[in-house]
Amino acid sequence: MTPGWQRRVGAPHVSEVSATDLRAVTAALRPTIAVNITQFSVIHALMAGLYDGVFPAPQVLEKGDFGIGCGHALNGELVFVDGEIYRCTSDGSVTRADEGELIPFAEVAEFAPTVSVALEGPLARDGLEALVSSFFPSPNLFFAIRIDGTFDRMLVREPIRQHHPFRPLVEVMQTQNESELGPTTGSMIGFWAPQIYQGVTVAGFHFHYLDDAREVGGHCLDYAISSATLTMQALSSITLRLPQTPEFLTADFAQADADLAIRRVESSAVGVASAGGQ
Ligand SMILES: [Zn+2]
């Protein structure tokens with residue numbers, strides 16, 4: 001790995017606000033300038049089995065120090081945190097992505113949170129999502145969300161590396177690896193995307209987890225917060241980078257039940273439904 005290719009992270013300005021002061025949290029989340037999320041490829045491409053890496057890691061990192069994605073050939077879930085890219089693989093290990101990594105799908109942002117809220121548990125997934133949603137000045141913006149803390153429960157999954165010919169994601173994720181990591185201390189990294197972007201990205205909340213020791217992590221399926229700090233920012237601009245590979249250019253993304261399939265892929269444990277995305 002070439003030293004210095006990782007991103008350097010600046011010090012953001014953050015308003016510390018009580019979770020009960022809804023108006024203050026919401027006010028601190030209003031984007032004053034067009035803060036951007038950059039997305040590389042679309043979820044539909046993964047659904048269709050386009051798992052080959054396309055975008056060089058340094059090119060993705062150039063657009064954001066914070067985010068989520070998946071590895072080449074579904075080799076692990078990626079977590080972009082503090083300007084580093086970590087890969088959580090199905091053998092339960094975490095490694096750094098190297099400079100030569102080609103990434104098939106990612107979404108990243110320059111994380112400069114405008115609000116910080118202390119969260120006291122126990123707070124399960126439903127409760128956390130309802131609380132964070134209540135802070136949004138509007139559900140029609142994107143939000144970058146980070147939750148650092150201790151979790152009583154953290155159920156994650158990692159896809160199993162695929163080989164050509166690739167099968168659709170719904171089939172592949174029947175055999176995803178799932179791990180119960182809790183109790184654990186670490187960071188949930190992710191985004192809220194408005195419903196109308198389902199298929200471009202994953203609508204709703206989408207988090208990946210990485211523990212503080214950088215030893216375990218993956219796509220969050222379920223969790224329970226013991227105690228944590230929530231930081232987030234609104235994103236009012238999106239840049240979409242599309243692959244120019246022959247596979248992408250000739251793919252047919254028409255799928256009657258795409259919305260249902262994506263929901264299942266992104267939130268279901270094995271046996272409940274089907275697959276898991278990036
Ligand atoms: Zn994911």
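**Figure 1. The second largest pocket and its lining.** Welcome to a close-up of the second largest pocket of this predicted model, where 15 residues form the lining and L50, Y51, D52, T245 and E247 lie nearest the centre. About 170 Å³ of space lies in this second largest pocket. Sorted by class, the lining of the second largest pocket holds eight nonpolar, five polar and two charged residues.

**Figure 2. The largest pocket and the elements around it.** Here we turn to the largest pocket, which has about 290 Å³ of space. Its lining is made up of 17 residues, and R125, V202, A203, F205 and S267 lie nearest the centre of this pocket. Helix 4 (125-135), strand 14, strand 15 and helix 7 (258-267) are the elements that give two or more residues to the lining of the largest pocket. If you like to think in residue classes, the lining of the largest pocket has seven nonpolar, six polar and four charged residues.

**Figure 3. The largest nonpolar core.** This view takes you to the largest nonpolar core, a set of 31 residues in which I145, I147 and M232 touch the most other members. Elements giving two or more residues to this core are helix 1 (22-29), strand 10, helix 4, strand 11, strand 13 (184-193), strand 14 and strand 15. Strand 15 gives the most to this core, with seven residues. Another core, of 18 residues, lies apart from this one, and Y86, A144, F191 and A193 are among its members.

**Figure 4. M232 and its contacts.** With neighbours within four places in sequence left aside, M232 is in contact with V25, L29, F111, P113, T114, V115, V132, F135, F136, A144 and I145.

Figure 5. The bond from G121 to P122 is cis, with omega near 0 degrees, and P122 is found in strand 10 (residues 115-124). The bond from H164 to P165 is also cis, with omega near 0 degrees. P165 lies in the loop between strand 11 (142-158) and helix 5 (169-172).

Figure 6. Most residues other than glycine have a negative phi, so two residues deserve a friendly second look. A73 is not a glycine, yet its phi is positive, about 60 degrees. The loop between strand 4 (66-70) and strand 5 (77-81) is the place of A73. Is A73 buried or exposed? A73 counts as buried because its relative accessibility is 1%, and buried means under 20%. R214 is likewise a residue other than glycine with a positive phi, near 60 degrees. R214 sits in the loop between strand 14 (204-211) and strand 15 (217-235). At 22% relative accessibility, R214 counts as partly exposed.

**Figure 7. The whole chain, for orientation.** Stepping back, the protein chain has seven helices and 16 strands. Of its 278 residues, 53% count as buried. Among contacts in the protein chain between residues at least 6 apart in sequence, 80% join residues at least 24 apart. The accessible surface of the protein chain comes to about 11400 Å², and 52% of this surface belongs to carbon and sulfur atoms.

Methods. Residues numbered from 1 in each chain as written. Predicted model: local features only at pLDDT ≥ 70, side-chain atom pairs only at ≥ 80, totals over all residues. Heavy atoms only, no water. Helix = DSSP H or I, 4+ residues; strand = E, 2+ residues; numbered from the N terminus. Buried < 20%, exposed > 50% of the residue type's maximum accessible area, 1.4 Å probe, protein only. 1 Å grid on protein atoms, 1.4 Å probe; cavity = no way out; pocket = protein on both sides within 12 Å on 5 of 7 lines; lining within 4 Å. Points joined across faces, edges and corners; volume = space filled by probe spheres on them. Nonpolar A, V, L, I, M, F, W, Y, C, P; charged D, E, K, R; others polar. Core = buried A, V, L, I, M, F, W, Y, C linked by side-chain atoms within 4.5 Å. Contact = heavy atoms within 4.5 Å. Areas by Shrake-Rupley, 256 points an atom, 1.4 Å probe, with all protein chains shown as cover.
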